[in-house]
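Hi,

Here is the structure I promised to pass on. Have a look first, and my notes follow below.

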Amino acid sequence: MSEQPNDDRTVYRVVLNDEEQYSIWWAARELPAGWREEGTTGTREECLARISEIWTDLRPLSLRRRMAEAVTA
Amino acid sequence: MNDQTPSGTAPGRLLLPALIAAQAARTPEAPALRAADGSVRSYAELAEQAGRVAASLRARGVGPGDIVGVCLRRGPGLPAALLGVWWAGAAYLPLDPAHPADRLALQLEDCDQPLVLAEAATEAALPDFTATLRLDADAGTAAGPFVPGEVPFDPEAPAYVLHTSGSTGRPKGVLVPHRGIANRVRWLVHKHRLGAADRMLLKTTVGFDAAGLELFAPLVAGGTLVLAPEGAERDPAALLRAAADAEVTVLQAVPSVYRRLVEEPGWNRLHALRLLFSAGEPLHAELCRRLAAAVPGVEIWNTYGPTEASVDVTEHRFDAEVDSGAVPIGRPLGGTQVLLLDQAGRPVPVGVPGELHVGGAGLALGYLGRPGLTAERFVPHPVTPGARLYRTGDRARWRADGALEYLGRLDQQVKVNGVRIEPGEVEAALVAHPWVREAVVGAVPTADGGYRLAAWVQSRGEAPRPDELRAFLRRALPEPLLPTVYVPVSAWPLTASGKIDRGALPNPSTAAPAEALVPVRTAAERLVAEQWSELLGTPVDEIGANSDFFQLGGSSLQLTRLAVRLTEALGTVVPVRRLLLASTVAAQAALRESAAEAGADAAPTALLPVHRRAEGLPLAPGQQGLWLADRLRPGSAEWTAPVFVRLPADLDDDAVYAALEELADRHEILRTRYLLRGAEPVQLADVTGPWQIATATVTDPEQRSRVIAAELARPFDLEHGPVWRALLVREARALTVVLSVHHIACDGWSSVVLERDLRALAEAAATGVPAVLPELPVQYADHAVHLRRRLSEPAIEAELAYWRRALDGLPTVDLPTDRPRPDLRDAAGAAHLFTVPAPVAEALATLGRSWGATLPETLLAAFAALVGRLTGHWDLPIGIPVAGRDQDEVADVVGFFLNTLVLRCDAPAESTFRDAVALVRDRSREARTHADLPFHRLVEELGGGRDLGRTPLYQVMFDVHEEGRTGTVTGAEDLEAFRSGWRVARTDLTVVLQRQEDGSLLGMAEYATALFDAATVERLADCWLRLLESLATRPFARLDEAELLPERLRTRILAQGLGLPEPGAGLRAVTGVEAVVAETAAVAPEDTAVVCAVESGAAGNGAVESWSYRRLLRRAAAVAARLRGLGAGPETRVALLLPRTPDLIATVLGCWQAGAAYVPLDPAAPDERLAYVVADAGATVLVSDGAGADRLARAVAAAMPDRAPLAVLALDTDAELAAAPEADPAAERHDPARLAYVMYTSGSTGRPKGVEVEHRTLLRMLRAAQAHLDFGVGPDDAWLALAQPTFDISCTELFMPLVAGGRVVLAGEQDQNDHRAQLRLIDRHEVTHLQVAPAHWQMLIDAGLGRRVLVGQTGGEPCPPSLARELSRRLQRFVNEYGLTETTIAATRWEASDAAVTVPVGSPYPHVTARVLDAWLRPVPYGVVGELCVGGVGLARGYHGRADLTAAAFVPDPYGAPGTRLYRTGDLARQRPDGALEFVGRQGGHVKIRGRRVDPGEVQGVLVEHPAVAQAVVVVQGTGPEAALVGYWVGDGHGTTEAQLLDHCAAKLADYMVPALLVHLDELPLNRHNKVDTAALPVPDLTAALGDEPYTEPEGPVEEALAEIWAEVLHGEPAQAPRIGARQGFFRIGGNSVRAARVVARIQEEFDVELPLRAVFEHPTVARLAEAVEEALRAELEALHLVTAPTADAVVSREYSS
């Protein structure tokens, strides 16, 4: 039951928003609106390492889409 | 201080007629006027009507140099007429239609019979044969449009002629030029940020100059002018109604009007009001307080100025915490200069009164047609050749902080008995009396040709008696300033302008006496009356017992003679001093009743009665503590213990009086007084009646609260007694006796005993049946003697050993307060009542029982959890009262038995509530077995006595009263009735709970009002209730996880985190910064965009390169074309390595036009770092010059040989660029979400991180800064750009001015560290805005910044409050900003005031949210330190190439729109109840010194407050036990020594916070961003430096005598004592408070002066104490000199004994 903000035992999860910006959130706490789970849970370090792997383009999704359209148009 | 610095001119050069025309063109549809009937006229309509007036006037031949009379009622036509006169090129002459025709005729004659604008209703008021133009007819129909500006406006041309009453009776016409009124109005608009949303009330009659301010300020600002209905200036209710109906935001009036207004109901409807200006009369703090209470949050400004200087010349913001009495008139407005000169025309020093002279832009041209008078009043400037000053005839003096104090008119100054008196000073002291509403003081002639000082007093309700007022004033004023006669006034005679008419006040000698004559009753009274009669010549039968010596015409000079006569007549010595306060016949007769002493002698053993010795008995240890406390703050009401006793309402006064006398007979302690015998206090039971018993009949609860408050506020005199008194409060159906007893004679238990006894005795008195009360085998003094014996020194030693261990390393509790802690603790208090609901109380009781804890223990654990959550610290000392009545004999004895334990509650944050309760239970039980040791002994032994700002050892207290100790006044309703009478706080916060019959707990939170506001304590109690609920429901959750914020408070705090819209902001970012700059440029392409200037060095002499917008954008377009060719486009990064030239700005704009982002490089950075940044950012192109390109190519190749070569654009050598055709930029629209720049921040750990910022956030920030700083309000606004382009504030400097259409003044490299050159740049290029770090501002001040009309900003590091105050004095505005690169330049900002005690970072910009959150990202209560988290649309995209760091720092925002992010800054902050944020430090920034938490910033703050310290930084050198604070300081040339500075620190800081070492530096080392470079500070040799303080020999007879006294007190026999040095700290070498009291007693013996005990605390060295003694001796001599005017030999006959 007891959660602890920032120590090794706290379980986090990898989360992202509609712009595909990634972050981490406490596994035991309700997720703020507009964010969804990526699927990874673990310690803070584990979650951040996972994010380093998958979030390779920091551009917001909408910008990526508009730039792709501009190229194809 | 006498301000010789001209303060520059008002921003811009525009005059009011042009500004209003421009405003009308900008916002034609906006409402300009709101008439009394609610109808609205737009700016277009106003301009149209004014145009027609102007055209009509021109048609009648009116032009520049002419004067036009305006005789109109206050209607929509009035502003249009005045404006029309201006547009026609003329000046207006206001003619009040309500004035008598004779006066109007004089005015018209004075102006050579001008044409008058009138209307049907006013034409008749004008003299016959006046040439008129009817606004409602002729001027209304004039044909054809009129273009304002057809006639050029001349700053020196008169704007209006205003007649002021002259002493000769003929009005003088003051000619005020356009520059004058423009300067005044524009200052108001800029300084106070008047905008479109503001509505200002026009209620002043147009014949007074203040009307101009009301009229024109809203119109210049684009706001609305609200016209008050006819006659509203005389009808407060109507005025208030008008202000409320129109939702007025700005109001100005004279204090007399405010005084009547504030009495009116309906202020709650004035919720829009934000600014109150007072002018015209002295303003008193008392009135301000009432206004502030009526409109919470309103700013109150006191302004001052004569018509001859364009309305106002100074202003001061009222500060409730600082200002009392007369509110200062403050500092000169921008553009004006104030000099105080003596009679010979020489400037006077600070503190010395002088005549106020005004110079500068506001100066009038002179008096129309009166050259002689003009020359007399407008005199040559003593310094500036050719300039003039206006002699105001007002007296003022400079305060040390640079504010002016108004002292009155020169011609009102009076001389009474040879003493020069400023009536204003006396008036201010009088209105501080709670029952005085208003007072006027003046000199009135006496029969013998002299003068005496009279006070006319208007009171609230019943008039205070003259002797009451005199006694009250005596506390604040020297004797010669006390008015002798007091005249009650029910209504003031007023002048036409609403000010008090001093000439029409009633004559004191004919004014009716306030009360009926009471015939003399005793022989003594008759004797006194006879003496008076002989002295004053008043018949004896006209003198009553209640007659007042001074009211009958007696003067203070006659007191000496009276004293001699009375001494003779009464046969007892009557000192002159006593007569001053005992001014009635009855009081003087009572002086004879000075009692002698009685006595006894004894020495018993057990708790048995002891013999009463004549020299008194010793005090019990607890009593002694209270006696000391009383000596520390003599006369403080802090230790009044009130006992409220309900009695049957039908009991008559006589019965109660008799019962009270019986009560005093029964309890010896009520007849006891306390005095010093030698160096020890003793108690002596020799006080006899009559007792102080009074009756008050009250009709409503408010009145009841008032009389009780007054009763409890009265001090006791321990030395003379009695130490108790009683007040019978009679209501319709109730009788309550308020028994006030000094705590030295009473405790909680005693109050129950007293109540029981009194009820029984009262019943006995009423029925005649003797009361049956328990026998008292002993009295308190017996207990005191017994306890003294029991607590032998060995017993005390054993207890001390326990407590030393238990309390080792005890921290202090610092609850989040509303105000900084005063240096000397202020015991004033108040109480808040709350209820813990029965279900919660029962749940907690049950939980506690199951863990083996009592309810008090359980509640204490929960209270400790609250304190832990609020302070963030979990090792807490909490005071717990214990009864201290172990023996049966004392069960029914009254006296102070109470003792206090210090409980260490140290359950950590992560423990569960259960664990916390168990721990508190054990700690509490252990401590109770050591409860005998008197608390004050503990204080003496465990130190803590040093900090006079806190209660020693514990700062919060907690107590629970369980069943069995109930009095008659216990219910919530009863307590509430008496709560408002509570005036004392025993600690910072004391919570007492009492069980109620229904199972709930009644709580009372008693708090120090110096620290907390009522609302804060209420919130605190609410938070505790929420916490209790949470702990009761989830007892196994961690303490730091329990819920703390009640829902409503949480909602409110969350709402405050939102940035509020700023007028003018809110443009959506649909494109990029470059596109907005192009739009701006298109409006005025030839305007100057960039000035690149060099002031210093060989290239200096003001070399200037100036680029127009067209040139800048064409160059940018050419660069953009080349960059596209090199592959730059959206999301690509272009590195810039460029010198500070206009090309720097052009290149950034070029990058953006090409769609790319820029990466700034610092030419001064090492090659390695440059290569790292280029590679890390993924830059593909470099823009530089030839040399820079070569350098970087080599660096990149060396660091990263494998990398593809950079494409390079060398601006100086690129042929293609040079050949590019001149063309405007292509109108290409780029995505607003694309990257604008990547800037590298030096992370505290590891490699620098590249922060990526998008165009949409950058543009929002630039717009927000523009709006907040009013940049571009003046078209000539210019920003001096000094920052490195690698620092994101450079974006504000380089691009915000271009977005707003202003100028960038780009300082070259040479000038970046040359502060004098920077000042020259500001002057030469008319810079209006500047941002630099605090240290840099200090250097600008040192370089001669002076006073400037400049908007200043700072940020990046904490700004010292003294600097913020100083700059808000010198500059037009001073703004403190907070932000990080990750939040795009800035997130919050705060407007500094010159009274700022702290420098918050303020509130979020409109597009930003800023919140203080705990580790779980939950909001924390006000004042509680948490992490500052920033959300909204101002956040950076993230860290380039560091997804993990980005994800960790930018987290989901639980409070923002769905899917938005929150940036965790890692900075600590707290929020004030008004929403403002205060920066506290970086996370983990605290250090520990000798086991105590220390914030070096706090120490630094104290150091820089020293007047001789210009700059200081405090850092920790060494680690662990070796850690020590080292202060580095730079002097300001005034000279001081390390020892003096250490003394200064020691006086303000707890011992462990005083720097171990001070190091003097010539200047502080700075890094490239002008912040203090702590790494570059020299590391001193601490071991050598911290050796023993060197012995300094005492010098002079006083120091030598004091050193001997110390030696004697500290070490017994002086002969064997170690020598005492002049600089050794008393408390470091074994002193404590008892010894300090002995020192004070010995000083009194030795020098015959009485020092307060705290003198030893405040001057803890021999040298400084000697100064205090000498000071006291001097004061004594001066007092003697004043009273008796002795000859010289009487003064010198006193020698210091040695």
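Let's begin where chain B meets chain A: across that interface the rule finds 6 residue pairs in polar contact, both residues at pLDDT 80 or more. (A polar contact is a pair of N or O atoms within 3.5 Å; within protein, one must be able to donate a hydrogen and the other to accept it, and residues adjacent in sequence count only if both atoms are side-chain atoms.) On the side of chain B that touches chain A, the elements giving two or more residues are strand 47 (1249–1254), strand 57 (1438–1439), helix 43 (1443–1449) and strand 58 (1450–1452). Helix 43 of chain B gives the most, with 5 residues. (Helices, H or I with at least four residues, and strands, E with at least two, are DSSP runs numbered from the N terminus.)

Before you go further: this is a predicted model, where local features need pLDDT of at least 70, side-chain atom pairs count only at pLDDT 80 or more, and totals for chains, interfaces and linings use all residues. Residues are numbered from 1 along each chain as its sequence is written, chains are lettered from A and ligands numbered from 1 in the order in which they are written, and side-chain values use heavy atoms, with hydrogens and water left out.

In total, 34 residues of chain B are in contact (heavy atoms within 4.5 Å) with 29 of chain A. The rule also finds 1 salt bridge there, meaning a side-chain nitrogen of Lys or Arg within 4 Å of a carboxyl oxygen of Asp or Glu. Asp1231(B) forms a salt bridge with Arg66(A), with the closest N and O atoms 2.4 Å apart.

Cheers
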